[in-house]
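Please open the model in your viewer and keep the sequence panel beside it. The tour goes from one selection to the next and says what is there.

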Amino acid sequence: MSTGRTATRMGPAELMQAAAMARRFYLEGKSKIQIAEEFGVSRFKVARVLETAQERDLVRIEIRVPAELDAERSDRLRARFGLRHAVVVESPSGVLGDSAALEAVDEAADPENLGEVAADLLGELVTDGDVLGLAWGRSTIHMAAALRQLPPCTVVQLTGVYDAGTADRGSVEAVRRAAEVAGGEAHPIYAPMLLPDSATASALRSQTGIARAFEYFDKVTVAAVSIGSWEPGISTVHDMLAPEERDHYSSLGVAAEMSAHLFDAEGRRIGRDLGERCITVEADRLRRVPEVVAIAGGQRKAEAIGAVLRSGLVTSLVTDTAAADRLLGEVRPGPRPALDRADPDGG
């Protein structure tokens, strides 16, 4: 990193001393005090020499991350929403600025790539003895498939399954896969996410296997969740509801759905009666989980991601550049409830 400043040319002795001090400091990890003692100068002299070494391009500092990760957007997103961790992945290739390309990029918001990065993040966050909770979502399913290592931990399913006659039926398999990698217990939930009425949902929750999984909800230390926009094909719950029910919740101002919980654009929970019909972790329980990682990307999900971040339920995010740019382009920074897990709606 060069400042572009000019100064008097350094002589050979100064150059050799600066190079030696820089080597001790940057490559050998010695402190400025240790270097000062070795060269018989003050630590302030060492600091000046190291600064000069950068100015004269004797030392160039580069911060390098894998090409598919965007460090600058990640840091800005983390700061904007008060997140503990934010990891921004390059969106699928496309020429931004061309509307057709933008739509293609967004449609291709790559759940496999997001899942792979999220798997690496979980490998960092999960520690020995943790309880890992997995909610339904294509990204979380891809994440589980991409897991290569996890410390010994228990894995519990946080939502019922989504089965609309498609191939996306991986919740139970994801839990079993994660538990297999971790060498821990698996607690899947063999029940639909959405039931016809609250009485049926309540009866299912009392069944032995499901009740056992629910008992672990208060023990979850790390959770992985997905986020959906309130539109066809992007929200599991939206697609499971009857048309008149979708219209009803749309009239309430739904902007996002996560684990069968609905949120308006400000992150307030709405349509809470829906949760009574669902097999899912309660929002208040999720808020008490120390680390909740959301995995979602694409421009079409940007508003939904922002809504869920403002809810205070999520502490960390894995997303892509398409969604990050929309989120960072918001005029108002807004609250940062994830910083202290505040509940903006007081619920």
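**Stop one: Leu327**

Select Leu327: not counting residues up to four places away in sequence, it touches Leu77, Arg80, Phe81, Ala302, Ile305 and Gly306, where contact means heavy atoms within 4.5 Å. This is a predicted model, in which local features need pLDDT of at least 70 and side-chain atom pairs count only at pLDDT 80 or more, while totals for chains, interfaces and linings use all residues. Residues are numbered from 1 along each chain as its sequence is written, and side-chain values use heavy atoms, with hydrogens and water left out.

Leu327 lies in helix 15 (residues 321-328); helices (H or I, at least four residues) are DSSP runs numbered from the N terminus. Leu327 is buried, with a relative accessible area of 1%; buried means under 20% relative accessible area (1.4 Å probe, protein chains only).

**Stop two: the cores**

Keep Leu77 selected. Leu77 is among the residues with the most contacts inside the largest nonpolar core, together with Val156, Leu158, Ile189, Ile227, Met258 and Ile305; this core has 48 residues. A nonpolar core is a set of buried Ala, Val, Leu, Ile, Met, Phe, Trp, Tyr and Cys residues joined through side-chain atoms within 4.5 Å. Next, select helix 14 (residues 302-311), which gives the most to this core, with six residues.

Move to Val156. Leaving aside neighbours within four places in sequence, its contacts are Val131, Leu132, Gly133, Leu134, Val175, His187, Ala213, Tyr216, Phe217 and Val220. Then select Leu122, Leu125, Val126 and Ala179, which are included in a second, separate core of 30 residues.

**Stop three: helix 3**

Select residues 43-55, which form helix 3; at 1.5 Å a residue its 13 residues should span 18 Å, and the end C-alpha atoms are 18 Å apart, which agrees. The expected span is 1.5 Å times one less than the number of residues. Buried in helix 3 are Val46, Val49, Leu50, Ala53, Gln54 and Glu55. Their cover includes helix 1 (12-27) and helix 2 (32-39). Just after helix 3, Asp57 takes a positive phi of about 65°.

Finally, show helix 1 with helix 3. At what angle do helix 1 and helix 3 pack? The angle is about 100°, and the axes are 9 Å apart. Helix 1 and helix 3 are therefore roughly perpendicular, a term for angles of 65 to 115 degrees. Helix 1 makes the contact with Gln17, Ala18, Met21, Ala22, Phe25 and Tyr26, and helix 3 with Lys45, Val46, Val49, Leu50 and Gln54.

Definitions and conventions: Helices (H or I, at least four residues) and strands (E, at least two) are DSSP runs, numbered from the N terminus. Buried means under 20% relative accessible area, exposed over 50%, partly exposed in between (1.4 Å probe, protein chains only). Axes are lines fitted to C-alpha atoms, for helices over the stretch in contact, and angles run from 0 to 180 degrees between N-to-C directions. Angles under 35 degrees count as roughly parallel, over 145 as roughly antiparallel, 65 to 115 as roughly perpendicular and the rest as oblique.
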